[in-house]
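I opened the model and kept short notes as I went. The entries follow in the order in which I looked things up.

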Amino acid sequence: MRSVSEPVDVVTSDEGKVFDIELEVNILAENQRLALENKRRLDAKSIHAIDVMGSVGSGKTSLIKAMISSLKKSSRIAVIEGDVTTTIDADLIASEGVPTVQINTGKECHLDANLIRKALDRISLDKLDLIFIENVGNLICPAEFPLGSDKRLVVISVTEGPYMVLKHPMMFMGADVVAINKTDLAQAMGVSPEKLSADVAKINPRAITISTSCKNGLGVGEVIRALGLNRS
Amino acid sequence: MHEFSIASMIVDTLVDLAKKQNAKRVLEVHLQIGQLRALSAEQVRFSYGILVKRTILDGSKLLIEEVPAAVHCSACGYDSKLELKDEMSYHFALPSMVCPQCGMALSINGGDECTISKVTLELPGTGKNGRNEREG
């Protein structure tokens, strides 16, 4: 016969001990770790990577295309295209004759470091100097997810109205270079690129802001220089 | 927009932690969100509520603390909370990374966190004095 003092009663199992555990788990750390891994992997091959972010329809693909066109004689370039769905942008870029990997995020509103890691597996990194990563068109979420790039280029355009910068300060706080695109339409839109540029300077005085027009090639060379991509 | 994916990372992390601790239930979760993170506390909470269903976190209380942004100027040594300009015409606050003291660029010194800082777990009882025994 068992002693009553043995710890097997049902009541005890219903009663729990309550513990507070103090910790510091950074939720974004996993993405940051993978971003750093991507960065090391690219650095080891001396490959520059540019994260191109910006609003939907601001001209990210056109600007990348224009930069490739000007750089492809001197640099070996690949492009990672992020979109919710379709390969429209990847097909456009591929017409420049550079290797292109499409990432379809399905439902996600941004690229993350893990998706870039997978995309890098599909590119032969041995024969490369430069990768453009075109993020999903969105001025909010991509700012939260570093990918492991060297520089972040944000593209906005005058057709989005005069308040694009002020309305999305977080995106511009992390930008190295900002292109204000479609300046050929500035007058028709009644939007001042200078005012947009001043707004960027207020939020992030470190960012270099350049007025561009992919239609007539204005400013494309300056963006290339600001990103440190010009090879002499 | 990405609050759902952030909330699912939070839930995955906590489910793992609760399993490792052999917890019966998770009672409270303390989350710190920096002012500079583009994360809406309300949307994180909403997503969390959906994601915890049928997990060990079901019924847990999510407490969210907003951490103010802090900035530092390496040029003049200015240290402060980030100055937010109320631009009433836009109905939002605009952070400026220009040092109000010397006009140079500021760097961020806090307010960019998204951290689980404390979790209260219920572990299987070991005796009649077990309940509500809190340990740090």
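I began with burial in chain B: of its 136 residues, 26% count as buried. I call a residue buried if 20 or more other C-beta atoms lie within 10 Å of its own, exposed if 12 or fewer, and partly exposed in between, with C-beta atoms placed from the backbone.

The model is predicted, so I note the limits: local features need pLDDT of at least 70, side-chain atom pairs count only at pLDDT 80 or more, and totals for chains, interfaces and linings use all residues. Residues are numbered from 1 along each chain as its sequence is written, while chains are lettered from A and ligands numbered from 1 in the order in which they are written.

Next, the elements of chain B. I found two helices and eight strands. From the N terminus they run α-β-α-β-β-β-β-β-β-β. Helices (H or I, at least four residues) and strands (E, at least two) are DSSP runs, numbered from the N terminus.

I then checked contacts in chain B. Of those with a separation of 6 or more, 77% join residues 24 or more positions apart. A contact here is a pair of C-beta atoms, placed from the backbone, within 7 Å.

Is B:Gly77 buried or exposed? B:Gly77 has 10 other C-beta atoms within 10 Å, so it is exposed. I located B:Gly77 in the loop between strand E3 (70-72) and strand E4 (79-81) of chain B. Its C-alpha atom is 11 Å from that of B:Ala105, 28 residues apart along the chain.

I moved to chain A and strand E3 (residues 77-83). Six of its seven residues are buried, so the strand is largely enclosed by the rest of the structure. Five bridges join E3(A) to strand E5 (residues 130-134), in parallel. Within that pairing, A:Ile77 has A:Leu130 as its bridge partner. Five bridges also join E3(A) to strand E4 (residues 100-104) of chain A, again parallel. There A:Ile80 stands opposite A:Val101. I count strands as paired if DSSP finds at least two bridges between them.

Last, the cores. I take a nonpolar core as a set of buried Ala, Val, Leu, Ile, Met, Phe, Trp, Tyr and Cys residues joined through C-beta atoms within 7 Å. The largest has 74 residues, and A:Ile133 and A:Val177 touch the most other members. Helix H3 (residues 60-71) of chain A gives the most to this core, six residues. A second, separate core has 23 residues, including B:Tyr48 and B:Ile116.

Definitions and conventions:
Contact = placed C-beta atoms within 7 Å.
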